[in-house]
Amino acid sequence: MTREMLDLLGIDSKRLELQWVSSAEGTRFAEIVTTFTNRIKELGKSPLGVAA
Amino acid sequence: MNIEEAVKLHRTYYCLDCGVCTGSCPVSRVLPSFSPRLIVEKALLDLGDELLKDKDLWSCLTCGRCFERCPTKINFPEFMRNLREEAAKRGIEPTLTHHGMLQTVMELQTQGVKQKKTDWAREAGKIADKGDVFFFVGCMPYFNVVFRDLGVDSLTIGKNVIRILNAAGITPVVSDEEACCGHDMLWNGKPEVFKKLAGKNLELIRASGAKQVVFSCPEGYYTFKNHYPQYFGDLGFQVVHFYDYLEKMIADGALKLQNGAGSYTYHDPCRLGRMAKIYDSPRSILKNLAGSELKEMERNRENAVCCGTTGWANCSSCSKQIQVERLKEAKATGAQTLVTACPKCQIHLSCALANLDTKLEIKDLTTLITESMATA
């Protein structure tokens, strides 16, 4: 639902990620955060607040 | 605006202490501690701080039933709106419903986002980028996501309007960049956000070259008709409600309604009825549906009751009780279908109906019109 709302607002829903990681899964946590960070870097600046 | 200024502006010192407001108030009937008369009294007695901190400030539905009947014509809803502005300035806020999600959308629309929300309109029919008639859709694309679970598809209304306009040979302008009309921000005590949203909309509509802006949403219509000129002066285009527009199209023969057998009762939205004084065109359209029978509820037209909550704030057990009573009243007319003319009324009444075993159908007027055309 949040993704749909973001799409309507013209905010790429790829900027939103929701994952459950257990405290025992340090490696998995690092992987997810790294992947997400790289994705955001690729997407560049968000349209929010750029031309208000 | 501080309380003293609000008192002067709305001349609440003319209050006769008659209590007609409290006697007419749908909230007071359910919550006896809430009293418009007492609020006016407190403001006059300089008990401002107490008043602004009181949660009752946000309990008012701003439905205008009190104003309609006040012998000295004190505009209580507008008075409340001004007090809310002052309260919000001091950091006091209402309890937002749906996690404040809709207010977040409104605020984000002032932050330079480029919305993408007209795919449904292209699917529904022909729309244009420029033209004489601008269809102001309002928040329905967002409602559609949030309230789908209730079984309410708010976008149907928008799609219907486009289909009906197309059938009458009109290709309306529908824009991705249209922002919320600002109604809820205004009534949540945030005129700065309202001004930003409204400014964006005015710029957009003027750039489209539209001479007429058509609204199906009563809140959008009333806000453009009443508050936009207050803040921005002459708008430079005509503000028309879809049902007035349609009534004329039917009279001119541009649109023919063939079918529509059934018994209906009509729920007047506060913004459309008491505030914009549009009572007749929706009823006239209903009567124009072949085979239709209109059964009025006991409280209709200027006496109609609010759908229970407004401005996406303070939905309470009080709201629910008002809604349930309203549904029972609709059922008591013997009508099969309760016809709504406002996307929010439809959402609120459908929400209450979902928890009842009452057999009643809730339909938006645009749906009835489209169905009547589809079989033509």
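1. How many salt bridges does the count come to over all chains? The total is 26. A salt bridge here is a side-chain nitrogen of Lys or Arg within 4 Å of a carboxyl oxygen of Asp or Glu.

2. This is a predicted model, in which local features need pLDDT of at least 70 and side-chain atom pairs count only at pLDDT 80 or more, while totals for chains, interfaces and linings use all residues. Residues are numbered from 1 along each chain as its sequence is written, chains are lettered from A in the order in which they are written, and side-chain values use heavy atoms, without hydrogens and water.

3. In chain A, look at A:Glu17 and A:Arg39. Their side chains form a salt bridge, 2.8 Å from N to O. A:Glu17 sits in the loop between helix H1 (2-8) and helix H2 (26-43), and A:Arg39 in helix H2, so the pair links distant parts of the chain, 22 residues apart. Helices (H or I, at least four residues) and strands (E, at least two) are DSSP runs, numbered from the N terminus. A:Glu17 is partly exposed because its relative accessibility is 30%. A:Arg39, at 26%, is also partly exposed. The cut-offs are under 20% relative accessible area for buried, over 50% for exposed, and partly exposed in between (1.4 Å probe, protein chains only).

4. B:Lys8 pairs with B:Glu4 at 3.9 Å between the closest N and O atoms. Both lie in helix H1 (residues 3-9) of chain B, four residues apart, about one turn of the helix.

5. B:Asp268 and B:Arg283 form a salt bridge at 2.8 Å, N to O. B:Asp268 is buried at 2% relative accessibility. B:Arg283 is buried at 3%.
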